[in-house]
Amino acid sequence: MQVKRFFAADMRQAMKLVRDELGADAAIIGNRRIAGGVELTAALDYKLSALAPRVPNMELEDELRKTQSRIVTAQAELSLRSEGESDKATNRQLFAGLPLTAAEPLVEPTYTEPARPAPAPAATGGVDPRAFDSMRFELNSLRELMEVQLGSLAWNQLQGSRPAQANLWRRLQRIGLSGPLSRDLLAMIGDIDEPRQAWRMLLAHLARMIATPEIEPLEEGGVIAMVGPAGMGKTTTLAKLAARYVLKYGAQNIALVSMDSYRIGAQEQLKTLGRILNVPVTHVDPGQSLVQALEPLLRKRVVLIDTAGLQASDPALRMQLESLAGRGIKSKNYLVLATTSQKQVLTAAYHSYKRCGLAGCILTKLDETASLGDVLSLAISHELPVAYLTDGPRIPDDLHLPRRHQLVSRAVSVQMQEEPSEEAMADMFADIYHSPTKQVG
């Protein structure tokens, strides 16, 4: 028997290390929290694993599902226990500190001699926060472990029972779509058996799920702000939008505003653009009222605002987003997302900037990306209309209005060439267990 320890930042990464080194037959015999992550102890018996039949274990799956249900129940009890501590303390005072059990009758207290409240036992008194933290960690670790195991079981069963649908799952994974979105798409073509027709219908449904504005934002006019983290292409996109408008309508009814006082050269870059296009540029310093800065520009048909790409923890970001969300602004804020960014970066960007109210998103750097699945999954799941696409440095030639079917075709054309690994498919199925609907396949 081979026993080895694995260290990782979280349970999912640790499980991947176990699978990569010991294989899918390794057994987890211990886990604990350490500084900076988790430690897993895994064991592998070569003789047993070689003889073990590779068939789905229905009893094990049932036990895993029961355990997952217990985890959810335990987490609910933890939250209810903390909320009910004050009520329990009040009850103990009402009954003079005497514990009540099912066998003891409720007796009227006598008032001849007031009873002195007895000190509460340590077990029922104040709860140590460290014990709660440790229990929550253990529950979260067990939940992640169950999700990984259930995901692997579900994927193996789907391959054996419905190989045609398993192939569609692989093709959607090659595009990079999320697990929940893939599940919803496959549910729409459940009655189609012919593989080519099923794939065409999948792509058609995917195109219908991508939202686009009914009217182009520049045609609609008003205050339009580019928001998003640094490096997404906000300033370049603003320059393309401004040039597109000037070439079509002239420079009389458009103005540029910069709220970026943090990036070196940001204001000079916008000033240069203003001189080239003969468009006025206004700079808003930190702490300055955006409403007052926009007052001289009220007669302009279009006002484009370039914002600073700040970290989510920066207090200046909160002030900037509050200014854009102010009642006197009526700004249409578009989240600029680089399609080259990782899924975690895109998700963090949405949650950081959604507080200002997002009218949609603009997808940039399509000419550099290797996958469109992550950004399309984000836009669809959060119902963000895709307003514009950019696919190069030329101003404004590389700015395009989105066409849903063309966008899906582009996502298919840049998909991964190699088939996704079994571990990747199992991980995707594990992600599905985070969503409310648990049915897969």
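A residue counts as buried when its relative accessible area is under 20%, and as exposed when that area is over 50%. The model described here is predicted. The protein has 441 residues, and 41% of them are buried. Its secondary structure consists of 17 helices and eleven strands. Of the contacts between residues at least 6 apart in sequence, 75% join residues at least 24 apart.

- T307 sits in the loop between strand β7 (302-306) and helix α13 (315-324).
- The relative accessibility of T307 is 1%, so T307 is buried under the 20% cut-off.
- A polar atom of the T307 side chain lies 2.5 Å from the backbone oxygen of M226.
- Leaving out residues up to four places away in sequence, T307 touches M226, V227, G228, K234, M259, D260, Q320 and L324.
- Q320, one of the residues that T307 touches, belongs to helix α13.
- Q320 has a relative accessibility of 6% and therefore also counts as buried.
- Apart from neighbours within four places in sequence, Q320 is in contact with M259, T307 and A308.

- Helix α16 covers residues 404-413, and its buried residues are L407, V408 and A411.
- The face turned away from the buried side of α16 carries the exposed residues H405, Q406 and S413.
- The cover over the buried residues of α16 includes the helices α6 (163-175), α8 (195-209) and α15 (373-381).
- Strands β9 (358-364) and β10 (386-390) are also among the elements that cover these residues.

**How helix α8 packs**

- Two packed helices are described by the angle between their axes and the distance between the axes.
- The axes of α8 and α16 come within 8 Å and cross at roughly 125°.
- α8 and α16 are therefore oblique to each other.
- The crossing of α8 and α16 is right-handed.
- On the α8 side, this contact is made by L203, L206, A207 and R208; on the α16 side, by R404, H405, V408 and V412.
- V408, part of this contact, is also one of the buried residues of α16.
- Helix α7 (residues 179-188) has an axis that comes within 9 Å of the axis of α8, and the two cross at roughly 120°.
- That angle makes α7 oblique to α8.
- α7 passes α8 in a right-handed crossing.
- L181, L185, L186 and M188 of α7 make the contact with L202, H205, L206 and M209 of α8.
- L206 of α8 takes part in the contact with α16 and in the contact with α7.

**Backbone exceptions**

- Most residues other than glycine have a negative phi, and most peptide bonds are trans.
- The peptide bond from I395 to P396 is cis, with omega near -5°.
- P396 is in the loop between β10 and β11 (399-400).
- K365 is not glycine, but its phi is positive, near 60°.
- K365 lies in the loop between β9 and α15.
- The relative accessible area of K365 is 26%, so K365 is partly exposed, between the 20% and 50% cut-offs.
- E383 is another residue other than glycine with a positive phi, near 55°.
- E383 is found in the loop between α15 and β10.
- With 69% relative accessibility, over the 50% cut-off, E383 counts as exposed.

Conventions. Residues are numbered from 1 along each chain as its sequence is written. This is a predicted model: local features need pLDDT of at least 70, side-chain atom pairs count only at pLDDT 80 or more; totals for chains, interfaces and linings use all residues. Side-chain values use heavy atoms; hydrogens and water are left out. Buried means under 20% relative accessible area, exposed over 50%, partly exposed in between (1.4 Å probe, protein chains only). Helices (H or I, at least four residues) and strands (E, at least two) are DSSP runs, numbered from the N terminus. Contact means heavy atoms within 4.5 Å. A polar contact is a pair of N or O atoms within 3.5 Å; within protein, one must be able to donate a hydrogen and the other to accept it, and residues adjacent in sequence count only if both atoms are side-chain atoms. Axes are lines fitted to C-alpha atoms, for helices over the stretch in contact, and angles run from 0 to 180 degrees between N-to-C directions. Angles under 35 degrees count as roughly parallel, over 145 as roughly antiparallel, 65 to 115 as roughly perpendicular and the rest as oblique. A crossing is left-handed if the near helix is turned anticlockwise from the far one by less than a right angle, and right-handed if clockwise.
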